[in-house]
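Welcome, and thanks for taking a look at this one with us. Please have the sequence and the structure open side by side as you read.

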Amino acid sequence: MMLPRIHGRCPGALRPMMSGDGLVLRLRPRLARFTRDQVLGICDAAQRHGAGVIDITSRANLQLRGIADADWPVLLARFGDGGLLDESADIESRRNVLVTPDWMPGDDSARIATDLLERIVDLPPLPAKVGFAIDAGPAPNLLRDSADFRIERGAHGGLILRADGRPHGVPVDAGQAVEGLIALARWFVDSGGSVAGRMARHRAPLPEWARGDALPGAPGPALRTGAHPLGFVCGLPFGQVEAARLARAVLACGATALRITPWRRVLFEGVGDKVPSLLDPDVPDFDAVAAAGWRVEACTGAPFCPQASVDTRALAFRLMRLAQRGMLQAPSSAGQRVVHVSGCAKACAYPQPATINVMGHAGAFDLSWQTASPLHVGLSADAVVSHLECC
Ligand code: SF4
C-alpha cells in the first residue's frame, strides 16, 4: 500500500498532511471550478472517508480532513477517476493558481488561466507557498489574496503583470501574459527568491522588462451573497460546511458546477435563487454581522485540532448572534471591531490582538480586551457569553 507523504504546511491530494484527527487533504480546482459530479464525489468521499466536513481555504481550495491512512489510496483512486488529480505531486504543488471566480467563458481570465495550466510544466520548482493570481476581469478583485505573480486589470484598462509586494506592474497583452508569468517565476528562482520564500519578501531588483509604472485598477465590488449573473452565491461561516448539506444543496438546486472563492463564499453555477444565501440556516449570517460593525474569527478548535481543548466555533456562533443583534459588549473602538475565539495561544485564525480575545486554555476560556492581560480566566462558554452580552 502507498503511504502518504507528509509535507510541511501545504497539503495537496497527492501530498496530504497529518493532523490530530487524521490526514488533511486539499483539492485544487481548475479555473476556480468543480463540476457538479466532482462536487458530489468530493462530498461523498468526505462523508465515507473523512470527518464529514469540507473547508474552503483562503486559496480557494477544498479541504477534507479526518482521513485514515488506509483510506488515502482509495480516495486517490476515486479522485483520479473524477479528474481531480494532477499527474504528479510536483505538478500539483506548482498548480497554485488563484483565478477570479466570476470569470466568463472566453474572457481574459478564462483564456489566461487555461493557457497557464497548459504551461504548468514550464514553471520552475517553486517554494511551497508561491502562487499565481489571474485577475483579469473588468476590475481586479484578488488584490488582497495570496499570490506572488499576478496578471490583473490595470488602472489604464489593460492588463498588467505585477510581482507581489511591488506597487506597479508592466502592461502586457493577454497573449503574452503566461509567458510573462513564467519568465517572472524563473527570474524569482534564479535571483535567489527561494530563500525568501515569497515574492513580497524578495527584495532583489526586478529585471528591466518587469519594471513598469502601471498601477492595478481600483478593486471591483465584493462578491455578495445572493443572486449573481452566473448563479447564486452562498456564504460559509468560517469557511466550513457539512459535506452532506452541500451535496443536498447541489442536488436540490440543480447546480451545474460550484465556483470556489478565497472569501468563504461559493457560487452555485447555473441556478436561480433556489439556494438559501447560507447553506446552514442554523448558523448566523456573517454579512449581517459585518453590517453590524463586527467581524468574528475562530480557528478550527476541538475536536479537529490536537492543540485545542475547547470548541471554538460553537462559541463563535453564539457571539456572532449577539453581534448581529447589537448585543455584544466591547471597549469603544473606531471602525470594524473583531472578536477572535482561539483554541490556543497560537492564534491561527487572527494572529494579532483583536478587540475581544477569547482564548482556550485547559478546557476553558480566558477573556481579554485588545492587548490587555486577561480580565477573566477559566471561563465556560456560557460565562464568556454572560460577560460579553449587553442589554
Ligand atoms: S490556534 Fe491553536 S487550537 Fe486553533 S487551530 Fe491553531 S493550533 Fe489549533
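Predicted model: local features only at pLDDT ≥ 70, side-chain atom pairs only at ≥ 80, totals over all residues.

**Nonpolar cores**

- The largest nonpolar core is made of 45 residues. Ile 42, Ile 54, Phe 79, Leu 246 and Phe 268 have the most contacts inside it.
- The element that gives the most to this core is helix α7 (residues 243-253), which supplies 6 residues.
- There is also a second, separate core, with 36 residues. Val 99, Ile 120, Ile 182 and Ala 210 are among them.

**Helix α2 and what follows it**

- Helix α2 spans residues 72-81, and its buried residues are Trp 72, Leu 75, Leu 76 and Phe 79.
- Why do the buried residues of α2 line one face of the helix? Viewed down the axis, they fall within an arc of 105 degrees, so they line one face.
- After α2 comes Gly 83, with a positive phi near 70 degrees.

**Helix α10**

- In α10 (residues 381-388), the buried residues include Val 384, Val 385 and Leu 388.
- Seen down the axis of α10, the buried residues fall within an arc of 95 degrees, so they too line one face of their helix.

**Around the ligand**

- Which residues surround the ligand? They are Cys 299, Cys 305, Gln 307, Ala 308, Ser 342, Gly 343, Cys 344, Lys 346, Ala 347 and Cys 348.
- Sorted by class, this shell has 6 nonpolar, 3 polar and 1 charged residues.

- Arg 162 sits in strand β9 (residues 159-163). Is Arg 162 buried or exposed? Its relative accessibility is 8%, so Arg 162 counts as buried, the cut-off being under 20%.
- The side chain of Arg 162 makes a polar contact of 2.3 Å with the side chain of Glu 152, and it also reaches the backbone oxygen of Arg 166 at 2.9 Å.
- Setting aside neighbours within four places in sequence, the contacts of Arg 162 include Leu 143, Asp 148, Phe 149, Arg 150, Glu 152 and Pro 167. His 168, Gly 169, Leu 184 and Pro 216 are also in contact with Arg 162.
- Asp 86 belongs to the loop between α2 and α3 (89-94), and this residue is buried, with a relative accessible area of 10%.
- A polar contact of 3.2 Å links the side chains of Asp 86 and Arg 30.
- Not counting residues up to four places away in sequence, Asp 86 touches Leu 14, Arg 30, Ile 91, Glu 92 and Arg 95.

**Glu 242, a partly exposed residue**

- Glu 242 is in strand β13 (residues 240-242), and its relative accessible area of 39% makes it partly exposed.
- Beyond its neighbours within four places in sequence, Glu 242 is in contact with Gly 52 and Val 53.
- The C-alpha atoms of Glu 242 and Val 74 are separated by 21 Å, with the two residues 168 apart along the chain.

**Backbone details to look at**

- Where is the cis peptide bond? A cis bond joins Ala 302 and Pro 303, with omega about 10 degrees. Pro 303 lies in the loop between β16 (294-298) and α9.
- Leu 31 is not a glycine, yet its phi is positive, near 55 degrees. This residue is found in the loop between β2 and β3 (33-35), and Leu 31 counts as buried at 14% relative accessibility.
- Ala 362 also has a positive phi, about 50 degrees, without being a glycine. Its place is in the loop between β18 and β19, where Ala 362 is exposed, with a relative accessible area of 71%.

How values were computed
Residues numbered from 1 in each chain as written. Heavy atoms only, no water. Buried < 20%, exposed > 50% of the residue type's maximum accessible area, 1.4 Å probe, protein only. Helix = DSSP H or I, 4+ residues; strand = E, 2+ residues; numbered from the N terminus. Arc of directions from axis to C-beta. Core = buried A, V, L, I, M, F, W, Y, C linked by side-chain atoms within 4.5 Å. Near = heavy atom within 4 Å. Nonpolar A, V, L, I, M, F, W, Y, C, P; charged D, E, K, R; others polar. Polar contact = N/O pair within 3.5 Å; in protein donor to acceptor, adjacent residues only side chain to side chain. Contact = heavy atoms within 4.5 Å.
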